[in-house]
Amino acid sequence: MSTTNPFYLIVIGAAAWLVYAAHRRPGPQLRSFRIFIWFGAIAMAARTALVLLNPVLHIAITTSSVVVALLEGARIAVLLCVFGTFNSVSDPYDLLRLSPRRLYEPVLAAGLALSLAPRTIATVAEVREAQRVRGANAARWRALPALVVPVLETGMEEAVALAESMDARGHGRGRRTSYRVSSWDLGSGTMVIASLLVLGTIAWSAATGRGDLSVAMSPLQWPGVSPVLVTASAAIAIPAFLPGREEGR
Amino acid sequence: MTDAVTFERVTFAYPGAGDAVLSDVSFEVPEGSFVLVAGATGAGKSTLLRAMNGLVPHFSGGRFRGVVRVGGTDTRAVAPRELSHEVAFVPQDPGASFVVDRVEDELAYAMENLAFDRNRMRRRIEETLDLLDLAHLRDRSVRTISGGERQRVAIAAALTPGPRLLLLDEPTSQLDPQGAENVLAALQRLVHDLGMTVLIAEHRLERVAGFVDLALGIAAGNVTTGSPQDVLERVGLGPPVARLGRLLEWKPLPLTVRDARRHAADSPPDLSPPTKRHRSFRGGELMAARLLRAGYGPKVVLHGIDLEIARGESVVLVGRNGAGKTTLLRCMAGLHPPLSGRVLFETEPPRPGTDVALCPQRPESVLFRETVQEEITTTLEWKQRTGDPAELIAYFGLPAAILQVHPRDLSAGQRQLIAIAAVAATGARVLALDEPSRGLDAESKRHLVSFLERYVSDDRAVIVATHDVELAALIAHRVVMLAGGEIVAQGSPEGVLGDSPVFAPQTARVFGPRWLTPDQVAEAVAR
């Protein structure tokens with residue numbers, strides 16, 4: 001994601017949303033997508049707000065500095081949106097299973113980290129409710145520890161319980177087998193080729209400077225749009241049109 | 001016969017704790033036994049189980065002396081994972097033990113680690129899904145199934161690798177009576193047919209006493225072994241029928257309804273008619289649900305509930321797992337918006353935490369302060385009330401010393417009581433409790449019951465959702481039975497619970513539907 005070109009950003013954001021809409025799974029993951037969108041919006045607002053502080057440092061606010069801030073904020077927002085989509089449509093355990101055995105440990109860590117967001121969100125909802133029915137309606141900032149402390153403590157306890165459970169159930173004993181066979185079907189092939197093409201196109205564009213990945217600032221002007229890059233960005237939406245995996249055994 | 005587990009002079013204390021949980025403990029458990037681990041709340045049952053697969057001391061730290069052998073292996077010499085082909089452990093909170101997302105994969109996880117080949121995995125998974133009646137859940141996520149279902153999935157996931165020793169920490173706490181019966185019967189079959197050794201820590205002795213053939217009793221750091229009768233006698237615990245047996249001097253002490261009925265038939269006690277607790281609350285309506293429909297997303301859980309709660313009344317909701325008890329409580333507390341119909345407290349929608357306070361199933365989501373004392377004073381400050389935390393916890397039979405303890409250092413049962421105390425400190429007119437007897441021994445349960453009696457005596461009301469029929473029999477003025485999101489029966493506990501084949505408390509099964517609790521029998525004997 002090295003582009004600040006608003007056209008590409010819009011296409012990528014829309015593609016991510018399409019994938020989310022096609023493959024979302026029930027449960028806390030649903031909420032996790034919305035929360036990442038919020039984070040994105042906040043990041044964008046914060047990046048723009050920084051520019052408004054410029055007069056404090058005796059720097060004039062120019063149109064181009066505001067536009068730069070907006071576009072950079074949008075870039076972060078779209079990035080979070082893509083991450084949120086990944087988070088809400090993927091099962092961390094699928095990652096673990098599909099990855100080569102040599103990468104088991106690092107992928108396990110990544111998988112657990114991925115599952116952290118939905119878990120924490122579920123705990124936050126539960127704790128907020130529990131404190132509300134216990135009468136926590138005082139000034140909000142004063143009730144904050146009532147939310148944060150149990151969430152952190154529960155998170156810690158769950159992490160320890162998970163580590164214990166994994167050890168007690170033989171994790172890391174050595175050779176392991178896999179219950180599900182994950183065969184390469186047409187869908188996964190298409191996806192891998194598409195992602196390689198997208199990466200390649202963007203890398204080519206960044207290297208050659210064609211396709212206006214970033215917006216020219218002085219003077220400020222509308223960036224050009226290359227049909228190749230729009231197609232590449234739109235290709236991110238391909239998974240939305242593939243059927244969900246029917247698990248093979 | 002060889003021994004599945006041996007303890008040789010084991011002493012253990014948690015890091016930073018002065019008192020040892022186990023002091024100089026020696027015993028052995030023969031292979032192929034079904035063992036009850038009994039002890040009061042906080043006596044160390046969980047610790048004892050965790051010492052059997054090496055989680056104590058490998059994960060807990062602390063001072064550990066002596067030797068624990070499982071299938072001949074010293075648990076301290078190897079990591080818990082090296083014992084995983086031999087021992088399986090199901091912790092108190094099954095949700096915390098799940099590693100993967102899909103039920104079927106969760107069942108495969110331990111076998112994958114043990115490098116089972118695929119055909120063997122498939123066969124074992126199918127067998128276990130059938131054994132615990134989980135086949136319909138195989139593709140569900142472990143995060144979206146109900147508490148009772150999670151408990152069964154956790155047990156199934158422990159069983160698939162075919163352990164020789166299975167350790168279960170309160171495995172039926174979230175199961176309805178029939179569900180618990182099915183799980184225990186399945187385990188008994190594994191013990192009888194395959195010679196597996198099962199150890200089960202449980203407070204709801206009325207559920208397990210009929211299945212086990214050996215018991216370990218823990219009290220004050222000491223462990224005794226023997227027949228369930230002897231051990232329960234020594235640690236002063238027992239199911240309600242055992243209390244009846246003590247009252248009526250039946251020997252040998254009955255542990256099952258069947259034994260108690262034989263005693264009652266052989267020597268019928270001379271009992272005056274029972275005192276009725278059922279009172280009429282007509283006219284004193286405090287809150288009500290009218291034609292309440294509620295659900296989550298497209299799933300409708302409650303279908304047109306009409307329920308009134310009167311001043312001074314204790315209402316108990318019973319029903320199988322997934323009947324809608326928790327959702328109804330959440331609606332009554334004003335937490336969950338109805339799809340249609342309404343919930344009224346007096347004439348307005350209830351204000352959560354003011355009109356109705358609710359203690360959820362997981363006490364951990366309530367507790368957040370450094371000490372028990374602060375936990376209670378926080379609620380009092382929020383509600384601008386005055387009160388003495390020491391007095392409040394004394395109602396629950398807890399010593400004042402506990403006020404300075406960190407809530408998370410308490411046992412599951414004590415945490416539960418503290419969470420209830422912290423919620424009750426709101427002084428709300430209606431106190432709602434979701435499955436409050438988890439982790440509570442008979443003594444703590446009695447304290448909870450007398451606290452709730454005090455609470456309603458002040459024209460307030462209590463709503464309790466529970467699978468614990470003995471608790472329901474102790475506190476209910478009225479029992480409401482839910483099934484499939486509808487009220488299928490409501491009325492006096494004698495009428496609703498008394499003659500139910502699933503929900504009748506033990507005393508009713510022995511003496512008939514008019515008798516609900518051993519206390520009533522004690523009164524009748526005294527008169």
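Reply: Two strands are said to pair if DSSP finds at least two bridges between them. Helices (H or I, at least four residues) and strands (E, at least two) are DSSP runs, numbered from the N terminus. The model is predicted: local features need pLDDT of at least 70, side-chain atom pairs count only at pLDDT 80 or more, and totals for chains, interfaces and linings use all residues. Residues are numbered from 1 along each chain as its sequence is written, while chains are lettered from A and ligands numbered from 1 in the order in which they are written.

The sheet in question is an open one of six strands in chain B, with the order 15-16-17-13-18-19 and mixed pairing. At its edges stand strand 15 (356–359) and strand 19 (486–491) of chain B, each with a single partner strand, so one side of each has no neighbour in the sheet. From one strand to the next, the twist averages 20°. Axes here are lines fitted to C-alpha atoms, for helices over the stretch in contact, and angles run from 0 to 180 degrees between N-to-C directions. Two residues are in contact if their C-beta atoms, placed from the backbone, lie within 7 Å.

Two helices that pack on this sheet can be described next. Helix 14 (residues 412–424) of chain B touches strand 15 and strand 16 (430–434) of chain B, and its direction makes about 170° with that of strand 15. Helix 15 (residues 442–457) of chain B touches strand 13, strand 16 and strand 17 of chain B, with a direction at about 140° to that of strand 17.

Five of its five residues are buried, so strand 13 is largely enclosed by the rest of the structure. A residue counts as buried if 20 or more other C-beta atoms lie within 10 Å of its own, as exposed if 12 or fewer do, and as partly exposed in between, with C-beta atoms placed from the backbone. In a regular strand the side chains alternate between the two faces of the sheet. Here B:Ser314, B:Val316 and B:Val318 point one way, B:Val315 and B:Leu317 point the other way, and all are buried.

On the pairing itself, strand 13 and strand 17 (residues 461–465) of chain B are parallel, over four bridges, and B:Val315 stands opposite B:Ile463 in strand 17. Strand 18 (residues 478–483) of chain B also runs parallel to strand 13, joined by four bridges; there, B:Met481 is the bridge partner of B:Val318.

Chain B also holds an open sheet of three strands, in the order 12-11-14, with antiparallel pairing. Its edge strands are strand 12 (299–310) and strand 14 (340–345) of chain B, each pairing on one side only. Strand 11 (residues 285–296) of chain B is joined to strand 12 by eight bridges, and B:Gly295 has B:Val300 of strand 12 as its bridge partner.

As for the setting, chain B contains 19 helices and 19 strands, and buried residues make up 57% of its 527 residues. Its C-alpha atoms fill a box of roughly 70 × 55 × 45 Å, taken along the principal axes. Among contacts in chain B between residues at least 6 apart in sequence, 68% join residues at least 24 apart.
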